Structures are given as C-alpha cells and as structure tokens.
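Colleague: I'm new to reading protein structures. Could you walk me through one, feature by feature?

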Amino acid sequence: MATAASFNQTSKTVCVMDASGRLGSSIVHRLLQRGYSVHAAVQNHGKLWQSFEGLSSNNKKLKIFHSDPFDYHSIMDALKGCCGLFYSFEPPSDQPTYDEFMADVEVRAAHNVLEACAQTNTIDKVVFTSSATTVIWSDSHSKAPDLDERNWSDLNFCRKFKLWQALSKTLAEKTAWALAMDRSINMVTVNGGLLMSPDLTIANPYLKGAAEMYEDGVFVTVDLRFIVDTHIHLFEDITSYGRYLCFNHVIKCNEDAVKLANMLLPPSESSLPQSLEATRIHQQRISNKKLNKLMVDFDSKLRVD
C-alpha cells in the first residue's frame, strides 16, 4: 500500500501549472483533498480557474498565482517554496488551435518552466504532462510490435502529415528531457491518451489522424480521474522514472468508434455506416504495462498530512 513514506519531500507544497485547464484544475482539487498545500498557477484564459477564486478564500492551503510560461519571473514566483511541479501546457488564448507555429510556442514554454525549476533549489520532482501522440506516429511503427515508452514519434512524419499536436508535444517533451538531464532535474512524464472530459469536442487536436490510429490499434483514451491519480502517484512514488504511457481504454472495434462518434458529433453525422468491418477488432499495438505495475498499490484516499 502506498503511504506517506513513499516520498521524502520535506515540504508538502506543490505547484500546478497551468491550473486553468481541465486537467490542471482537477489535479489541484485532488491534491487539496490529499492534504497538500497548492500553488495554482493560472493563465488568463479559460473559465475553469475562476472556481478557485472562491475556494482560495476558504482554503488556506490554496494560493493562486497568475503566471505566464513566457514570463520567467512569474514562473519563479509560483514555484517559490514548492517541492514539486505538475506542469501541463495550455495553448494561449490568442492562439487556441494547433498549427505549424504552435511547436515553437510549446517548446519555449517547456524550456522556460524547466529552466526555472533548475534555478529553484526546493523543487525535488517535476511531473510533466505529455501525450501518447509523442509515441505513435512513424512510418516504421506500423511494422513494429507493441509500442511503449521507448518509442518516439518521427518529427518529419508529423510535419509531412500536418500532425501539429503530435509535433508540438514531441518537440516540447524532448526539450524538457534535454534540460532535465543537463540540469539534473528529477522528472517523469505522463504520456496521456485522448482525455475523456466533459468538454471534449471534435475540434480536439489529438483527433487528427483518428482513423489511422484506430486501424493501427493505437487509438487510446484516458478518463480524467485515472490520469489525475497517475500524476499524483508518479510524484509520490520515489521509484517512478522516465516516461509513462497513460490510458485505460483502447478504441479497437466498431462499437467503440460509434460510441465516440456519438459523443463528438450531432446525431445526423455520427451514424457510421455498418459493414463487414462491424465485427472486426483491431489488435491493440500499444502497451501501458510500465504504468500498470506502478499503479497497483496506489491508494487514492490517502492523505499526506
């Protein structure tokens, strides 16, 4: 059973950045439930962070920081006194969609945040949110056996097929790893599948290439609660290391595809044609064994105080 002794931080204060997105705000709430003090670093976009405003006045363990990943001083302010960082990138409000220019934005943000961590002597561990799309896209992968954390998406392949989200996430994660190794930062990454949150829409950039992911047996999704628990457990478990593919469902049959289409599209557009494919099951070709072994003993109700 995971216990407070699983990790050795002297401080129980952690920073969540960007806390204004669906994932970040959920991580903040779960950390507070577990007894942590939290610095919620939010940007000025989105409405989810506004729910913290009332919460912070009633909860002495929550402090809200307006931070900008392109403003180094605002990052340092949010990290001050924290033993850990949960970092996820949210596109800026003036550039909300992924295109060929987003990679530069996300890479600069990752570089600034990791550099700030290197300059902060209290940070013991960084949990960096990445994506399963950093693993699955490559010409050679279609001939490979099961994909796992050792695989990386091919940058030229992503550029050729305009897989801008995959390109951006891959370059940002590689930048983060280069800095973490160079500056001796203890970091793990959560390479999540498509996040099944209430605000999921057909415009989600993860869905670019969905048909190919489905046919290749690598179209994976993850529930919000599971990916939040994963972030917290990877932070608390001192044995965690490297990259972790994080998903708890694989879309590999017609029934799964229809169910997702019904969620994303209006009824008139979501009725997929039935065919001989209806009973076919695409073989799963991606593995999350590394994470599953670690999550066996996770106690989601544990408090650290």
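Predicted model: local features only at pLDDT ≥ 70, side-chain atom pairs only at ≥ 80, totals over all residues.

Colleague: Okay, the overview. How many helices and strands does the chain have?

Modeller: There are twelve helices and ten strands. The chain has 305 residues, and 55% of them are buried. Also, among contacts with a separation of 6 or more, 75% come from residues 24 or more positions apart.

Colleague: Now the sheet. In what order do the strands sit?

Modeller: The general idea is that strands of a sheet pair through backbone hydrogen bonds, either parallel or antiparallel. Here seven strands make an open sheet, ordered β3-β2-β1-β4-β5-β6-β9, and the pairing is parallel. At the edges you find β3 (62–66) and β9 (242–246), each of which pairs on one side only. From one strand to the next, the twist averages 20°.

Colleague: Can you show me some of the pairs? How many bridges join β1 to β2?

Modeller: Five bridges link β1 to β2 (residues 37–42), and the two strands run parallel. To find your place, look for V16, which stands opposite A40 in β2. Over at β9, strand β6 (residues 187–192) pairs with β9 over five bridges, again in the parallel sense. There, N191 stands opposite L245 in β9.

Colleague: Which way do the side chains of β1 point?

Modeller: In a regular strand the side chains alternate between the two faces of the sheet. In β1, T13, C15 and M17 point one way, while V14 and V16 point the other way.

Colleague: And is β1 buried or exposed?

Modeller: Buried means under 20% relative accessible area. Five of the five residues of β1 (residues 13–17) are buried, so β1 is largely enclosed by the rest of the structure.

Colleague: What about helices packing on each other? At what angle do α4 and α7 cross?

Modeller: Two packed helices are described by the angle between their axes and the distance between the axes. For α4 (residues 102–119) and α7 (residues 164–182), the axes come within 8 Å and cross at roughly 25°. Angles under 35 degrees count as roughly parallel, and α4 and α7 are therefore roughly parallel to each other. Their crossing is right-handed. Among the residues making the contact are V107, A110 and L114 of α4 and L171, A172 and T175 of α7. The contact residues of this pair divide into eleven nonpolar, three polar and three charged.

Colleague: And how do α1 and α9 cross?

Modeller: The axes of α1 (residues 22–33) and α9 (residues 224–236) come within 10 Å, with a crossing of roughly 60°. This crossing is right-handed. The contact includes L23, I27 and R30 of α1, plus I227, V228 and D229 of α9. Sorted by type, the contact of α1 with α9 has seven nonpolar, two polar and four charged residues.

Methods
Residues numbered from 1 in each chain as written. Heavy atoms only, no water. Axes fitted to C-alpha atoms, helices over the stretch in contact; angles between N-to-C directions. Helix = DSSP H or I, 4+ residues; strand = E, 2+ residues; numbered from the N terminus. Parallel < 35°, antiparallel > 145°, perpendicular 65-115°, else oblique. Left-handed = near helix turned anticlockwise from the far one by under 90°. Contact = heavy atoms within 4.5 Å. Nonpolar A, V, L, I, M, F, W, Y, C, P; charged D, E, K, R; others polar. Buried < 20%, exposed > 50% of the residue type's maximum accessible area, 1.4 Å probe, protein only. Pairing = 2+ DSSP bridges.
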